[in-house]
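This briefing covers a few local features of one structure, grouped by topic. Please keep the sequence and the model in view while reading.

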Amino acid sequence: MENFSNYQWSRYELLSAIQDKQFVPYFQPKIDLVSGLPVCSETLARWIHPDRGILPPSQFIELMERMDLIDQLTDSLLHQLLEYVQDSNECCAEIGFAINISPLTLGKAHMANHICSLVKSYGVACERITIEVTETACSKDFASLLASLDRLRTQGFGISADDFGVGYSSLQELNRMPFTEIKIDRMFVGGISNNQKSQAILEFVVQLADRLHMRTVAEGIETRGELEFVQALGCSQGQGFYLGSPMTYPDLQDYLNATASPEMAGFTDLQYCRG
């Protein structure tokens, strides 16, 4: 893929792309590390650019935040996600969906009520949606961010500490925020079988999460060795290219159909090849 990370998209270009629904959700499964079955899917933004192909979020999210367009992008992706969930067939009816939302968006006083109303308007249970709190920008008002997360949690949403171990994340945030899940950053998972420091950190986070009654999700699993190691440590769920690449919603349906039967559980070779 050609790299456009240094290209300075104009506000007009970005806004027009949002209005034309060029930004679409892709989906990456989260796998239960005991059963081997998909239990959730993370929603990932992709820009289907008419001239430049499929662009990842690293090439537009920070610009969206700087140009005050991140709310519009989030709203568009939420609508598209909820349309899929509302019309989901049997294979998708039992899994949850997660979506990354910037602290800049969540820190606005009206946003929690807006998200709750939007989800309910589609007839989707709030309990099926997990809000992953991203670190691409800091909230200007931590108190407002905390109030929004508390409001979402009381309505049944899951709240995930995304990329735990880097950026904003700390023990203080775990103590103050209503997290239900910790996503362990891939920097601690990659090559873990040969890195004693990463092993110790991961083991500590898993044990801490267990004491706090939170799920743990190991991100960035790319080899069987990494998978087996995080399983042995007791991580709740795993995510990464070894278990499933980001995919379109029709491909997610095919993935879930192929892994739904009991005989396909348990991390079979077919499951590894998904995506």
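Is Cys235 buried or exposed? In this predicted model, Cys235 counts as buried, because its relative accessibility is 4%.

**Cysteines**
- Cys126 also has a relative accessibility of 4%, and therefore counts as buried.
- The cysteine sulfur closest to that of Cys126 belongs to Cys116, and because the two lie 5.4 Å apart, they are too far from each other for a bond, given that a disulfide requires sulfur atoms within 2.5 Å.
- By this rule, the count of disulfides in the model is 0.

**Packing of α3 and α5**
- Helix α3, spanning residues 70-86, and helix α5, spanning residues 111-121, have axes that come within 11 Å and cross at roughly 20°.
- Because angles under 35 degrees count as roughly parallel, α3 and α5 are described as roughly parallel to each other, and their crossing is right-handed.
- On the α3 side the contact is made by Asp71, Asp75, Leu78, His79 and Leu82, while α5 contributes Met111, His114, Ile115, Leu118 and Val119.
- Sorted by class, the contact of α3 with α5 comprises 6 nonpolar, 2 polar and 2 charged residues.

- When neighbours within four places in sequence are set aside, Ser148 is in contact with Leu106, Lys108 and Ala112.

Definitions and conventions: Residues numbered from 1 in each chain as written. Predicted model: local features only at pLDDT ≥ 70, side-chain atom pairs only at ≥ 80, totals over all residues. Heavy atoms only, no water. Contact = heavy atoms within 4.5 Å. Axes fitted to C-alpha atoms, helices over the stretch in contact; angles between N-to-C directions. Helix = DSSP H or I, 4+ residues; strand = E, 2+ residues; numbered from the N terminus. Parallel < 35°, antiparallel > 145°, perpendicular 65-115°, else oblique. Left-handed = near helix turned anticlockwise from the far one by under 90°. Nonpolar A, V, L, I, M, F, W, Y, C, P; charged D, E, K, R; others polar. Buried < 20%, exposed > 50% of the residue type's maximum accessible area, 1.4 Å probe, protein only.
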